[in-house]
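Okay, thanks for coming, everyone.

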Amino acid sequence: MQPFVDDEQTRQEYLYLQRTLRDVSGLDLRAYKERQMMRRLRGFTSRKGLSSLRELAEAVRHDRELRQQLTDYLAINVTEFFRNPERFDDLAKNVLPKLLERWSSLRIWSAGCSIGSEPYSLAILLEELNAGGPEKHRVLGTDIDREALEEARQAVYTEDRLKEVSPERRRRFFTRLPDGRWQVNERVRRYVTFAQHNLLEDPYPQDQHLILCRNVIIYFTEKAKKEIFAKMAAGLAPGGYLLVGSTETIFYPERYGLKSAAPFLYVREE
Ligand SMILES: C[S@@+](CC[C@H](N)C(=O)[O-])C[C@H]1O[C@@H](n2cnc3c(N)ncnc32)[C@H](O)[C@@H]1O
């Protein structure tokens, strides 16, 4: 197998692969940071026994399964329940009570939800707030990655995803399976609906009261990030909140009709 080299030829092949993927699957690699993408593509190419990005491009053009495998592989699914717990404390103490005062039935969107621990964490907060149950409120979890969503629907997790889940929450909201994994209880699961959604392509859900988009846009170019923030802001009801990841400050939020409310938290202006 020929080693990859960062030369003009590799770059041309990368551009060719970009065009091919856009044609055949709608996945637009132009929106992702190039260096990071190249690294991951190299891993995938050698794992599949292919020797160049051009070969990979030809293969995905003809092989639907390989195309889906590549999309799944490029998506990075790291996540856990109550990731950055201080953010969830803030949601429970300040944001959700404010939203519940104003709206009796909440629409919450976890965008780029990976295997589902983020939307289930939100559902647990609603349960703890006695907010009226899963018939009243809806948490939508979306991701581009079909396999991650399949796992999310199973709602079964290994111990390492539950590092931030207290013993009390484990007792109340999870069932320990014989193999040692944890399943989210049925009542919590009933709050959450999952759907495949590409943040770069698909229309955004509208009239949301709270949107979480955390640790997703880090892979995107500045241009793509701006477009995503603008569409998220437009998808919020006035007075609704947007929470981004703990490395993802929005500069000049007023540009999108947003106001900073707390670190990494923004509110849509009335
Ligand atoms: C690191 S996980 C973040 C999970 C969760 N939000 C959290 O913070 O724990 C990033 C997720 O973004 C998804 N993703 C990447 N590109 C996407 C796109 N264009 N549209 C929707 N989701 C995308 C990946 O599939 C992955 O599951």
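This is a predicted model: local features need pLDDT of at least 70, side-chain atom pairs count only at pLDDT 80 or more; totals for chains, interfaces and linings use all residues.

H2 covers residues 34-47 and H4 covers residues 64-74, and their axes come within 10 Å, with a crossing angle of roughly 135°. That makes H2 oblique to H4, since angles count as roughly antiparallel only when they're over 145 degrees. Who's touching whom? On the H2 side you've got Met37, Arg40, Leu41, Gly43, Phe44 and Arg47, and on the H4 side Leu66, Gln69, Leu70, Tyr73 and Leu74. Sorted by class, that contact has 7 nonpolar, 2 polar and 2 charged residues.

Now the other pair. H1, residues 8-25, and H3, residues 53-62, have axes that come within 8 Å and cross at roughly 10°. That makes H1 roughly parallel to H3. The handedness here is left-handed. H1 brings residues including Tyr14, Leu17 and Leu21 to the contact, and H3 brings residues including Leu53, Leu56 and Val60.

Okay, ligand time. How many residues surround the ligand? There are 22, and the closest are Ala75, Asn77, Thr79, Asp143 and Asn215. For the polar atoms, take Thr79 to begin with: a polar atom in its side chain sits 2.5 Å from a ligand oxygen. Asn215 also faces an oxygen of the ligand, with a side-chain N or O atom 2.7 Å away from that oxygen. Then there's Tyr32, where a side-chain N or O atom is 3.0 Å from a ligand nitrogen.

That's my tour, so over to you for questions.

Technical notes. Residues are numbered from 1 along each chain as its sequence is written. Side-chain values use heavy atoms; hydrogens and water are left out. Axes are lines fitted to C-alpha atoms, for helices over the stretch in contact, and angles run from 0 to 180 degrees between N-to-C directions. Helices (H or I, at least four residues) and strands (E, at least two) are DSSP runs, numbered from the N terminus. Angles under 35 degrees count as roughly parallel, over 145 as roughly antiparallel, 65 to 115 as roughly perpendicular and the rest as oblique. A crossing is left-handed if the near helix is turned anticlockwise from the far one by less than a right angle, and right-handed if clockwise. Contact means heavy atoms within 4.5 Å. A residue is near a molecule or strand if one of its heavy atoms lies within 4 Å of it. A polar contact is a pair of N or O atoms within 3.5 Å; within protein, one must be able to donate a hydrogen and the other to accept it, and residues adjacent in sequence count only if both atoms are side-chain atoms. Ala, Val, Leu, Ile, Met, Phe, Trp, Tyr, Cys and Pro count as nonpolar, Asp, Glu, Lys and Arg as charged, and the others, Gly among them, as polar.
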